[in-house]
Amino acid sequence: MAEKPKTKVFISYSRKNKAFVRKLNAALDEAGLDAWVDWDGIPLTVDWMNEITNSITSSNVFLFVMSPDSLKSDFCAKELELAIAGNKKIIPIVYAEPEKRQKVHAKLASSNWVFLRPKKEKFKEIIPKIIEAIFTDFEWVSDHTRLSQRAAEWNLKERNDSYLLRGSDLDNAEKWMTESASSETRYVTPLQAEYIRASREYAIRRQRNFTRTIGLAMLATILLFIASLIQWQRSVENAKLAQENALIAAANEKIALEQQQLAEQNAQRAFDSENQAKAQSSAALAKALSEQPSQLDASTLLALESLSRFPSKDAEDVLRNNISKMPIPIAQLKHTGRIWNLILSPDGQFFVSTSADNTACAWALSGEKKYCVTHEDDVTDALITNDGALLITASRDGSVRFWDFASGTPQDVFQLGSPILDLDINPKNTMVIAGREDEIVTVIDPNVRRIVYDFNFNNGAVNVVKFHPNGEWLSIGTKQGRIRTWKAKTSLLESGPRHDAEVFNFAISSDGKVMVSVSEDSTARISRAETGRETHVLKHPDWVEDVAFSPDNSWFVTVSDDKIVRVFETATGIEKMRMYHNSFVQRVKVSPDGSWILTTGYDQTARLWDSHTGALVLEASLDGIGSALLFSQDGKQVIIGDRSGNVTIWDISSLYARVGYIEFDEFINRVRFDPSGNYVLINPDDKFIWQLPYNQITSITQGTSGRQVFSTNDLSSLLEISPNSKWIAVSENSEVNRSQGVLFNTETEETFILPHTSDLTSLSFNPTNQFLATTNEGNNEVYIWDVVSGAKIKTISFEETVFTAVFNPKDSTLVIGLSDKFVIWDVTNNTQINMLFQNGKIQLLALNQDSTWLASASSDGSINIWDMTQNELENPKYRFKQGGSVNALNFNAHKNWLASAGGNGFLYLFDLNAGQEVMRIPHGDTVSGVDFSTDGNLLATVSRKTIQFFDVNLLTPISKEDLTQVACSRITRNLTPSEWASFFPQEQYQVMCEGLP
């Protein structure tokens with residue numbers, strides 16, 4: 001049976017009533033409604049208008065949470081006006097009555113109020129009445145919403161006829177509009193009425209054209225019949241005429257057959273055109289969804305649907321973009337209640353999930369269930385003893401229970417008489433600490449199996465308990481905002497930071513020196529873990545929900561309800577970088593090696609960030625609000641739990657193709673591998689050229705630990721090394737007309753200055769190490785310099801701007817990029833050998849070491865690949881198109897790959913054997929440089945202040961033929977019938993990925 005679409009409800013409220021609206025939103029979610037709430041308040045801008053208008057337009061019902069604050073709010077007034085303009089069903093919910101003489105909008109005043117005031121009406125009794133009010137006249141309201149969306153889309157697409165209603169859709173819409181007269185509460189917007197009228201007029205025009213065509217065909221048939229009758233009559237009189245008439249009839253039959261075939265061909269063309277248009281629409285929607293939170297699965301399925309109708313570059317581009325950001329789901333596991341916590345076993349082979357369904361379950365990392373154990377209430381936390389012998393669980397039923405970890409067999413039960421909120425165990429397995437809601441911390445000895453100490457902190461429910469690394473001291477955090485440090489089982493107690501509201505969590509550095517606590521008071525506080533002395537207060541705009549340290553303790557991460565993930569230096573509290581979700585961020589974990597940061601929250605995504613660059617490298621869509629996170633021991637798997645009870649295991653091992661990274665304090669421009677294979681050169685904006693040993697680049701992380709080869713007077717941009725590794729050339733950019741090239745001899749350390757009138761655009765050594773070719777901005781010339789003397793020995797002039805030039809690695813020819821073309825030039829004879837054409841400014845050129853391939857990149861983002869072994873070179877062998885500008889090109893001769901650095905934040909890899917893209921690697925920001933090592937085993941990329949090194953042999957190319965299969969392996973579901981009906985009305989439901997629910 002088809003799944004009914006969820007009723008969409010928009011909630012307008014004042015942020016001062018946030019707590020009440022959270023409760024209302026949760027109740028609507030439980031009732032199966034899809035509520036949209038602006039939790040943070042968006043400024044009145046174009047972005048706000050677009051987001052709020054789209055949300056109200058797509059909603060069936062508009063709930064206005066009435067209070068003195070919301071009646072004063074400009075935000076709420078604007079949202080109400082949008083709802084009125086869209087003739088939305090408006091239900092005022094009175095949270096607090098208007099103040100005396102306070103003005104109430106006429107629309108609100110005339111609507112039936114639903115009172116839901118604290119301490120006056122019972123929340124659980126009123127909610128069903130609100131649900132009933134929402135569903136009253138639901139079918140008509142639902143059609144109103146659907147027609148509003150389609151009319152808005154028609155209007156947005158400049159009233160294109162292809163977006164008009166047809167067939168039963170049009171009949172139903174006219175019936176709907178007629179039914180609106182039956183009730184004063186049913187309103188049809190002018191745009192809806194105009195849309196329905198335009199649809200009918202278009203249908204009438206199509207019918208008239210069809211009728212006219214049929215009439216002409218019938219008239220032609222009648223005339224042919226009359227002519228045949230006359231011929232038959234004459235055939236009786238004259239046999240010769242009869243024979244002629246027979247021939248005429250045969251000819252007419254042939255013409256009719258040809259006309260029928262032509263009609264069928266036209267019908268097929270029309271069908272193909274319609275199919276292509278639908279495919280383009282699916283691809284466009286897939287691209288739009290790919291940029292929205294938790295919509296990568298839906299985006300991927302729409303792109304697959306588009307490809308199944310009509311193959312296109314647009315759909316393929318969406319799939320490759322999505323695949324590059326999606327981890328591989330290994331298993332989906334299920335509880336029936338919220339996931340509170342996820343715990344890894346000491347041997348890293350199993351993990352335990354604790355849930356609001358009163359169970360804790362042990363699972364293998366492959367997803368196989370080991371067993372589940374049961375309490376009488378939520379299982380809030382669990383831990384496994386360091387020897388792997390015991391599973392210890394805590395619950396809101398007031399008990400701490402011991403289980404045999406191997407089998408799940410019960411061992412002991414400790415009834416503490418108060419809900420247990422958190423557990424921890426010291427490294428020696430001698431003390432289990434339970435934080436209780438009644439403000440008491442209980443110490444249990446797991447060896448003798450008895451309670452050995454109770455300590456009443458009298459500072460509110462104990463939310464968090466954590467042992468320090470020494471295993472003797474522990475810290476506790478309470479709902480009243482207090483943090484205390486206690487030497488367990490003694491009277492020794494230190495005061496820690498004092499928050500102004502509930503402590504949500506804290507983290508203690510692995511060396512036991514620093515603690516960071518986060519709270520409802522919108523701060524993170526850094527303190528000395530041993531003494532509790534506060535050193536820094538880091539203010540956030542909203543609640544700070546969670547915190548985690550890096551493995552080396554040099555930085556930590558906070559996540560907040562302001563949607564932001566922040567990375568801070570531990571020693572100074574200085575913010576290093578920030579990343580963004582689309583709603584409240586609830587949980588954070590750092591990978592065991594410190595390379596990745598995992599976060600999740602209300603936008604129903606789990607996001608994996610590069611801890612060095614802040615780039616978003618992977619994103620997983622969830623079926624509920626993210627509530628728990630866990631890394632596997634080797635960091636190659638992540639486990640994510642949500643509030644709907646789902647636990648999903650994801651494979652992120654593809655990220656470990658990155659085998660090294662090097663950071664600088666300044667922006668990096670280029671990276672170059674030494675042709676002899678001994679070192680790597682880098683030119684950051686610190687005005688030094690740095691050299692790092694090749695055999696250490698996967699272990700060095702700080703670029704300044706390398707050797708300074710030489711310095712420049714101004715910022716450098718381009719960087720090249722001669723084929724014999726003897727010469728280094730860089731370009732210095734200047735804003736005061738001092739742009740120049742610098743030529744440096746690595747053996748003698750002699751330097752030559754190559755003056756130019758503007759910033760250089762290319763540097764290229766010839767294969768015999770004798771010459772250097774340069775070009776510069778706005779200039780019509782190519783300069784050839786003698787490497788030994790630094791003298792300019794030749795100028796090649798054109799009548800238009802020259803953008804780039806590169807020497808052929810095998811001979812004395814030079815390839816020179818111009819507008820809409822490039823030329824191959826014989827430098828020795830000073831003559832043009834060939835001219836090849838490509839649209840746009842040819843800004844980048846690259847040849848592989850064998851000179852069999854030439855890549856030319858244009859300002860329009862296109863890359864042409866030319867087969868230089870062809871005798872007559874006229875057209876490119878392949879054409880590639882990437883998003884954004886092309887910043888650098890480099891060939892890998894061993895793989896026959898071309899790497900392209902994109903201005904859109906991706907590194908692209910093209911397979912020249914297959915003539916297609918095979919991979920893109922997200923970097924989160926512009927990729928400005930790329931180079932392959934001489935042996936072809938390493939790929940180096942530059943983005944902002946970081947160089948990343950990838951093991952080429954660990955990269956997994958994806959061919960065009962495998963794209964659909966790989967895309968299906970990245971998602972966990974098909975479109976639901978209701979989603980399909982929403983995207984493709986009047987079309988039969990289809991499964992895009994076999995074997996998925």
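Helices H11 and H12 are roughly antiparallel to each other. All views show a predicted model.

**View 1. Helix H11 against helix H12.** Helix H11 covers residues 296-309 and helix H12 covers residues 313-325. Their axes come within 9 Å and cross at roughly 150°. Angles over 145 degrees count as roughly antiparallel, so this label applies to H11 and H12. The crossing of the two helices is left-handed.

**View 2. Residues in the contact of H11 with H12.** On the H11 side, the contact is made by Leu-296, Ser-299, Thr-300, Ala-303, Leu-304, Ser-306 and Leu-307. On the H12 side, Ala-315, Glu-316, Val-318, Leu-319, Asn-322 and Lys-325 take part. Sorted by type, the residues of this contact are seven nonpolar, four polar and two charged.

**View 3. The disulfide between Cys-361 and Cys-372.** A disulfide is a covalent bond between the sulfur atoms of two cysteines. Here the bond joins Cys-361 to Cys-372, with an S to S distance of 1.9 Å. The torsion about the S-S bond is about 105°, so this disulfide is right-handed. Cys-361 belongs to strand E9 (residues 359-364) and Cys-372 to strand E10 (residues 369-374), so the bond ties together parts that are 11 residues apart in sequence. Cys-361 has 3% relative accessibility and therefore counts as buried. Cys-372 has 33% relative accessibility and therefore counts as partly exposed.

**View 4. The disulfide between Cys-968 and Cys-993.** This disulfide joins Cys-968 to Cys-993, with an S to S distance of 2.0 Å. The torsion about its S-S bond is about -80°, so the disulfide is left-handed. Cys-968 lies in helix H13 (residues 963-969), while Cys-993 lies in the segment after helix H14 (977-983), so the pair ties together parts that are 25 residues apart in sequence. Cys-968 and Cys-993 are both buried.

View 5. A search of the whole structure finds two disulfides. With bonded cysteines counted along the chain, they follow the pattern 1-2, 3-4. Another cysteine, Cys-76, has a relative accessible area of 1%. The cut-off for buried is under 20% relative accessible area, so Cys-76 is buried.

Methods:
Residues are numbered from 1 along each chain as its sequence is written. This is a predicted model: local features need pLDDT of at least 70, side-chain atom pairs count only at pLDDT 80 or more; totals for chains, interfaces and linings use all residues. Side-chain values use heavy atoms; hydrogens and water are left out. Axes are lines fitted to C-alpha atoms, for helices over the stretch in contact, and angles run from 0 to 180 degrees between N-to-C directions. Helices (H or I, at least four residues) and strands (E, at least two) are DSSP runs, numbered from the N terminus. Angles under 35 degrees count as roughly parallel, over 145 as roughly antiparallel, 65 to 115 as roughly perpendicular and the rest as oblique. A crossing is left-handed if the near helix is turned anticlockwise from the far one by less than a right angle, and right-handed if clockwise. Contact means heavy atoms within 4.5 Å. Ala, Val, Leu, Ile, Met, Phe, Trp, Tyr, Cys and Pro count as nonpolar, Asp, Glu, Lys and Arg as charged, and the others, Gly among them, as polar. A disulfide is a pair of cysteine sulfur atoms within 2.5 Å. Buried means under 20% relative accessible area, exposed over 50%, partly exposed in between (1.4 Å probe, protein chains only).
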